[in-house]
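Hi,

Here is the structure I promised to pass on. Have a look at it first, and my notes on what turned up follow below.

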Amino acid sequence: MSQTPAPLSTWARNVSPSPTLAVDGKAKALQAAGEDVCGFAAGEPDFDTPDHIKEACIVALRAGKTKYAPTPGIEPLRQAIADRYAAEYGLKVTSGQVVVSPGGKYSCYLAVMATCSPGDEVIIPAPFWVSYPEMVKLAGATPKLVSTDDTTGFKLTPAVLEAAITPKTRLLIINSPSNPTGAVYTRSELEALAAVALKHNLYILSDEMYEHLMYDGVTPTCVATFSKEVEARTMVVAGFSKTYSMTGWRLGTLVAPPPIAKACSELQSQMSSNATTFAQYGALAALKEKEKTKASVHAMLAAFDRRRKFLHAELNQIPGIKCLLAQGAFYLFPNIASFGLKDQDFCTRLLDTEKVAAVPGSAFGAEGYLRLSYATSDEVIQKGVTRLARFCSTLKR
Ligand SMILES: Cc1ncc(COP(=O)(O)O)c(C=O)c1O
């Protein structure tokens with residue numbers, strides 16, 4: 001007699017698949033079927049990886065860099081990352097504190113796995129990047145979501161943070177610039193949050209993935225630079241995906257105090273061995289061939305900035321929509337609550353009737369908003385926002 005297979009694990013049954021990848025996948029399927037879709041869902045730059053980075057990877061492949069690499073990354077890349085933190089932020093770290101992993105997502109996961117155990121609580125300000133709560137659950141810990149909204153610029157305040165802390169709180173996750181809102185905390189706002197974390201002996205995961213995508217002359221802040229005490233409890237995640245248009249390369253970075261970096265490397269040694277060897281040589285060129293890289297990043301930023309301003313102005317012209325002008329990343333997060341529709345229904349109907357793909361705010365723990373990525377062509381943005389306006393005009397308010 002054949003038995004039905006046993007149920008899948010608690011982890012497999014409890015994990016929610018990424019809703020952003022799901023919306024983007026649906027939009028791409030419609031496109032493949034010949035529909036004229038305006039996609040605002042993708043979380044990746046619409047630019048190609050700069051040529052000098054690709055060339056360095058090709059040279060590495062030809063030179064036979066096709067074997068396992070050291071678990072925490074090839075030494076010249078780890079050193080170049082350490083040098084970058086010194087040059088950009090005055091943060092002095094050794095290459096031994098740097099772990100190169102298969103993507104910023106994986107770096108975040110390593111940081112959570114290294115510091116959280118079952119029963120621990122992790123404070124995640126909402127709106128949040130979709131993967132944080134799932135990673136925390138995979139570590140057996142409990143996500144503690146703390147809401148913010150557009151009235152405070154989607155920023156957590158020290159008082160709200162303090163109120164959410166319990167004896168079980170182990171980790172605070174901060175993400176500035178933010179996915180999904182594009183919000184950027186000022187240095188003093190971050191210092192105030194770090195002071196609360198210090199007072200309660202929390203670890204900090206500072207996800208600085210969008211550190212180089214900033215507008216209006218705003219400059220990035222690295223949380224580990226605040227003081228020796230803050231540095232001793234902070235894991236800084238960044239990577240190559242967004243700044244250098246290298247999403248498919250799967251390369252992330254983590255900079256942490258020596259015992260945490262060692263733990264992350266040991267976890268990685270059992271879970272992925274190393275980030276792809278030849279890809280790391282491409283990343284090395286991104287950091288070493290500074291002038292070429294700077295030129296590519298500047299060109300991309302200029303396009304993003306133009307689109308950001310255009311999309312923001314157009315959205316605020318639509319009766320019923322209110323949108324803050326975010327200063328980082330490549331997202332705007334308009335408020336659509338006045339239409340009285342669940343944001344999920346809003347997005348489904350928008351895609352069905354107007355073929356415009358947007359991710360509902362509820363996917364990020366914030367009902368009543370949309371996440372629109374402007375990492376897409378000016379033409380798609382223009383067409384898409386016109387369709388969005390037409391769609392909104394059919395709704396009651
Ligand atoms: C806030 C944030 N952190 C981390 C990541 C992970 O980036 P990667 O593609 O390098 O895994 C993303 C990607 O969407 C992100 O938005």
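The lining of the largest pocket divides into 11 nonpolar, five polar and 10 charged residues. For these classes, Ala, Val, Leu, Ile, Met, Phe, Trp, Tyr, Cys and Pro count as nonpolar, Asp, Glu, Lys and Arg as charged, and the others, Gly among them, as polar. Before I go on, note that this is a predicted model, where local features need pLDDT of at least 70 and side-chain atom pairs count only at pLDDT 80 or more, while totals for chains, interfaces and linings use all residues. Residues are numbered from 1 along each chain as its sequence is written, and side-chain values use heavy atoms, with hydrogens and water left out.

Back to that pocket. About 590 Å³ of space lies in the largest pocket. Of its 26 lining residues, E88, H212, Y244, K290 and K294 are the closest to the centre. Two or more lining residues each come from α4 (75-89), α11 (277-288) and α12 (290-317), and α12 gives the largest share, eight residues. Helices (H or I, at least four residues) and strands (E, at least two) are DSSP runs, numbered from the N terminus.

How are pockets and cavities told apart? On a 1 Å grid over the protein atoms alone, a cavity is a set of points where a 1.4 Å probe fits but cannot get out, and a pocket is an open set with protein on both sides within 12 Å along at least five of seven lines; lining residues have an atom within 4 Å of a point. Grid points are joined across faces, edges and corners, and a volume is the space filled by probe spheres set on the points.

So where is the ligand? The space it takes is the second largest pocket (a molecule sits in a pocket or cavity if more than half of its atoms lie within 2 Å of its grid points). There are 13 residues around the ligand, and G104, D207, S241, K242 and R250 come nearest (near means a heavy atom within 4 Å). By class, this shell has four nonpolar, five polar and four charged residues.

- D207 has a polar side-chain atom 2.6 Å from a nitrogen atom of the ligand.
- Y210 has a polar side-chain atom 2.8 Å from an oxygen atom of the ligand.
- S241 has a side-chain N or O atom 2.6 Å from an oxygen atom of the ligand.

The protein covers 93% of the 390 Å² of accessible area that the ligand has on its own (Shrake-Rupley method, 1.4 Å probe; for residues, only the protein chains shown count as cover).

Now the cavities: there are three of 30 Å³ or more. The largest cavity has a volume of about 130 Å³, and P125, P127, N175, S178 and Y185 are the closest to its centre among 16 lining residues. Its lining has 12 nonpolar, four polar and no charged residues.

Cheers

Conventions. Polar contact = N/O pair within 3.5 Å; in protein donor to acceptor, adjacent residues only side chain to side chain.
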